[in-house]
Amino acid sequence: MIIGLGRLYLVVTFLVTSAAILDADLILSIPRGLDRVALAAPKPSIQKTIRMDGARFAAKRKLPISEAHYALAKEITRSNNATERGIEVVLHLEQALKGHYETESCHQSLGQIYFAAGDLERADRHFSKVAKLPPELELSWARSLLSLGRRDEAVERGKRAERALYELTHAPTANSADEIHWLSALEFLEEFEVAVAFLEGRLAEDADESYAPKALSRLYTSWYDVLRRDLSVPTRAAVDKLLAALRHDPDNKASMERVIPLVRTLGSNKEH
């Protein structure tokens, strides 16, 4: 199982569905303004301010209190100083949850914030209450679960993400970004043969397909890493994948970093 797929194709992506309240461009900026210590034990004064703001907004807009908190969280995320007000977003969402308003959207948004902030325990608490995460987010979370040693759950989520991404990739409106997301899921699941066959087909259809050679090179490099960990696989079989990676992209630094020690080892063996 590949843990570090994001380094191959994508920066870890946090996407939201139309139901979720946080804008995709803001979800990564908000955690930078969060103090994990403050989140663990928010000051009473901040909590009081949040409750009062919600009450005032509810009265002004004639909304239920939980819906008012939800609307305030959404409003803050769209403001120019959203990063500095991340704690307010979190507390408003938590107040909305207390009133059972837009429960799944709140849990998903809170999970994304905590996930981006590196607080996997809290992220897990919220994601576990969301019936269906967006596939890119599902895949990113699967990687984290694997790093936490929860392999079975990681594989299950990875497969779920792959199925959803497959559908997107094979839709009439699909583009190269959809394909890259799907290939990332295949790589996570170590379905290298399927991913390579798809990309080779892309190159056969269009030799100028811009992303395919580099993507193939990265796939073959990851495939090499997996084979090298399996002691039952002959070294030559693994090295063939590395050579294939360099054929598709001679400038692939990751492949070169793996080739150099092999060359040195061969040279040393010949000397002796």
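Modeller: The charged end of Lys 241 lies over the ring of Trp 223, at 3.9 Å from the ring centre. A charge is said to sit over a ring if NZ of Lys or CZ of Arg is within 6 Å of the ring centre and within 35 degrees of the ring normal. The model is predicted, and accordingly local features need pLDDT of at least 70 and side-chain atom pairs count only at pLDDT 80 or more, while totals for chains, interfaces and linings use all residues. Residues are numbered from 1 along each chain as its sequence is written, and side-chain values use heavy atoms, with hydrogens and water left out.

The structure holds 8 aromatic pairs; rings of Phe, Tyr and Trp (its six-membered ring) pair if their centres lie within 6.5 Å, and planes under 30 degrees apart are stacked, over 60 edge-to-face, and the rest tilted. Phe 115 and Phe 127 make an edge-to-face pair, 6.1 Å from centre to centre and with 90° between the planes. Since Phe 115 belongs to helix α5 and Phe 127 to helix α6 (residues 120–127), this pair ties together parts that are 12 residues apart in sequence. Helices (H or I, at least four residues) and strands (E, at least two) are DSSP runs, numbered from the N terminus.

Both Phe 115 and Phe 127 are buried, where buried means under 20% relative accessible area, exposed over 50%, and partly exposed in between (1.4 Å probe, protein chains only). Phe 127 also pairs with Trp 141: the ring centres are 5.1 Å apart and the planes stand at 65°, so this pair is edge-to-face. Here Phe 127 in helix α6 is linked to Trp 141 in helix α7 (residues 135–147), a distant part of the chain 14 residues away. The relative accessible area of Phe 127 is 0%, which makes the residue buried, and Trp 141 is buried at 0% relative accessibility.

Contact means heavy atoms within 4.5 Å. Apart from its neighbours within four places in sequence, Phe 127 is in contact with Gln 108, Gly 111, Gln 112, Phe 115, Leu 133, Leu 137, Trp 141 and Arg 157. Phe 127 also has a place in the largest nonpolar core, where it is listed with Leu 183, Phe 188, Leu 199, Tyr 211 and Tyr 220 as the residues with the most contacts inside the core. A nonpolar core is a set of buried Ala, Val, Leu, Ile, Met, Phe, Trp, Tyr and Cys residues joined through side-chain atoms within 4.5 Å. This core has 57 residues, and helix α11 (residues 212–229) supplies the largest share of them, 9 residues. In soluble globular proteins, nonpolar side chains tend to be buried together.

Beyond its neighbours within four places in sequence, Glu 179 is in contact with Thr 169, Phe 198, Arg 202 and Tyr 211.

Two other Glu residues lie in loops. Glu 102, between α4 and α5, has a positive phi near 45° without being a glycine, and at 35% relative accessibility it is partly exposed. Glu 190, in the loop between α9 (176–188) and α10 (192–205), likewise has a positive phi, about 60°, and counts as partly exposed at 24% relative accessibility.

Leu 63, in the loop between α2 and α3, is partly exposed at 25% relative accessibility. Setting aside neighbours within four places in sequence, Leu 63 touches Phe 57, Ala 58 and Ala 68 by contact.

As for the whole chain, there are 13 helices and 0 strands. Of its 272 residues, 47% count as buried. Among contacts with a separation of 6 or more, 59% join residues 24 or more positions apart.
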